[in-house]
Amino acid sequence: MASDSPAKNRPATPSSAAPASAGVVLDDVAIQRALMRIAHELVERNEELGRLYLVGIPNGGPPLARQIAANLREIAGVDVTVGVLDTTLYRDDRLTGGIRPRLRRTEMPSAVDDRLVILVDDVASTGRTIRAAMDALMDFGRPRAVQVVALVDRGHRELPIKIDYVGKNIPTQRTDHVQLRERPGGDGMEVVLMQGRGAPS
Amino acid sequence: MMGRGLLGIEDLEREDIELILDTAFHMKEVGRREVKKVPTLRGRTIINLFFEPSTRTRTSFEIAGKRLSADVVNFTPSASSLTKRESILDTAKTLDAMDPDAVVVRHNVAGVPKQIADQLAAPVINAGDGAHEHPTQALLDLMTVVEEKGRIDGLTVTIIGDIAHSRVARSDIYGFKKMGAEVRVVGPPTMMPAQVECLGVKFFRSLREALDGADVVMALRIQLERLAGALFPSVREYSATFGLDRAKLRYAKDDAIVMHPGPVNRGVELSHDLANRRPSVILDQVRNGVALRMAVLYLLAGQRRGVEEER
């Protein structure tokens, strides 16, 4: 469940093999609370809940989208469509070291025409992933509107992209690496910040 | 790891094949979209350099490149430079000077794609060279089997026909062996390469024995125009002995699938009925061919020697 960063495909250099620190910045309880709050905000800000279409961006987005959908069922009694959209083929990164990033699954169960599409990402930063996701989305049809959920917004935006629903703002250095992952032991998720481990995505 | 270019299955590791197949399954999803095109290779140029005519393979590569937004140029030397006695390498170098991001080569002499690859900055993809290899065909065959059977490990694959003159057979043998299948070959002894067992396959004289317990049956195309009369007495005799129909297919497993690289000589390698309907999966092979070639182009195009490769 790494953030969608080309940096994660880069082999670790000896100097970065031992991270300065890897702190948990969001534990499972905080993540679940944030996803519930975001579900409430979605209900408040949107009138036609039946048009909602949650689209998770791999790897971290899809489980978050599914949890938000479950929360919406609980608090508003609506069944929302959930899709998965890989952005790799739409990214603007050039080949790094001749290695192409591995593709991930895309699964869009119904048309996006006239739907209110909510893109769900785990860690938002430069905005390039969201930009790629919007381009990909337009190839599936013409949504009525697109909004963005990010569990973590770590800043360093490079494109004019706004995150509509943020779980938590976390100030970072550009060289830090922020990652949503399964908790060691497998019960729940957590967001960790590793200093000096990567570039923002 | 897979180097620059794709010259043969023999050079690949199992992990390379797995990466290509995994990528190809994702590419197949792109082909099911309303807009069957992604911007990945925008601004990249792919040259189809076909010294031997092949409308099917060339079209498949062309569609694959276009679905990735590359500019695809078809270059058929017979119609132009070769009439001016330009050598193959001169032709290739001339094209390379136009900075393509990949060159797809088909030639009727084994080894020509390798010779060309040694001279070019652009990665070269072998689209069939003589009786040597046809790697993308084998990869699309592997993809089709994974789709049908969910795996390749432990399957029994029977290849029927002219093994000696078939680049498809050679690439398929390497591919299925590397992925853990048992490979059997059967056909007239005149169509078997000397010491065929060196390829790691089991040779059968009897079709019935070769089919016993097979999960996948692959019939190869008989080059009627080239071979009839030379290697077997008559087309009718070949078809009676090695031609596949539903009656003979009963010797294989109940859920066996039938494959053919196309185009089928109907009534020779396969009965009409079998060529048209399941358990034959011939059109799935064609469909998967586009996705598979998209995967290969995605993984390789753009790795020009001395450009991106340098750090």
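Tutor: A nonpolar core is here a set of buried Ala, Val, Leu, Ile, Met, Phe, Trp, Tyr and Cys residues joined through C-beta atoms within 7 Å. The model is predicted, and its largest such core holds 143 residues, among which Leu54(A), Ile118(A), Val217(B) and Leu297(B) touch the most other members. The element that gives the most to this core is α12(B), with 11 residues. Both domain 1 (9-134 + 287-300) and domain 2 (135-282) of chain B contribute at least three residues each to the core.

Leaving aside residues up to four places away in sequence, Leu297(B) touches Leu41(B), Ile46(B), Ala64(B), Gly65(B), Leu68(B), Ala70(B) and Ala102(B).

The division of the chain comes next. Domain 1 of chain B is made of two segments, 9-134 and 287-300, while domain 2 covers 135-282. The centres of the two domains, taken over C-alpha atoms, are 25 Å apart. Their contact involves 22 residues of domain 1 of chain B and 21 residues of domain 2 of chain B. On the side of domain 1 of chain B that touches domain 2 of chain B, at least two residues come from each of α1 (14-31), β4 (124-129) and α12 (282-300) of chain B. That side of domain 1 of chain B comprises 9 nonpolar, 7 polar and 6 charged residues.

As for the chain as a whole, chain B contains 12 helices and 9 strands. Its radius of gyration is 19 Å, close to the 19 Å given by the globule rule for 311 residues, so chain B is as compact as a globular protein of that length. The C-alpha trace of chain B spans about 55 × 45 × 35 Å along its principal axes. Of the 311 residues in chain B, 48% are buried. Among contacts in chain B with a separation of 6 or more, 75% are between residues 24 or more positions apart.

Some local backbone features deserve attention. Ser69(B) sits in the loop between α2 (55-67) and β2 (71-75) of chain B. Although Ser69(B) is not a glycine, its phi is positive, at about 75°. Ser69(B) counts as partly exposed because it has 15 C-beta neighbours inside 10 Å. Not counting residues up to four places away in sequence, Ser69(B) touches Lys37(B), Val38(B), Pro39(B), Thr40(B), Leu41(B) and Arg42(B). With Val38(B), the separation is 31 residues in sequence and 6.3 Å in space, C-alpha to C-alpha.

A positive phi, near 50°, is also found in Gln195(B), a residue other than glycine. Gln195(B) belongs to the loop between β6 (182-186) and β7 (202-204) of chain B. It has 8 C-beta neighbours inside 10 Å and therefore counts as exposed.

Finally, Arg278(B) and Pro279(B) are joined by a cis peptide bond, with omega about 10°. Pro279(B) lies in the loop between α11 (272-276) and α12 of chain B.

Terms used: Residues numbered from 1 in each chain as written. Chains lettered and ligands numbered in written order. Predicted model: local features only at pLDDT ≥ 70, side-chain atom pairs only at ≥ 80, totals over all residues. Domains from an automatic or database assignment. Contact = placed C-beta atoms within 7 Å. Helix = DSSP H or I, 4+ residues; strand = E, 2+ residues; numbered from the N terminus. Nonpolar A, V, L, I, M, F, W, Y, C, P; charged D, E, K, R; others polar. Buried ≥ 20, exposed ≤ 12 C-beta atoms within 10 Å, placed from the backbone. Rg over C-alpha atoms; globule rule 2.2 N^0.38 Å.
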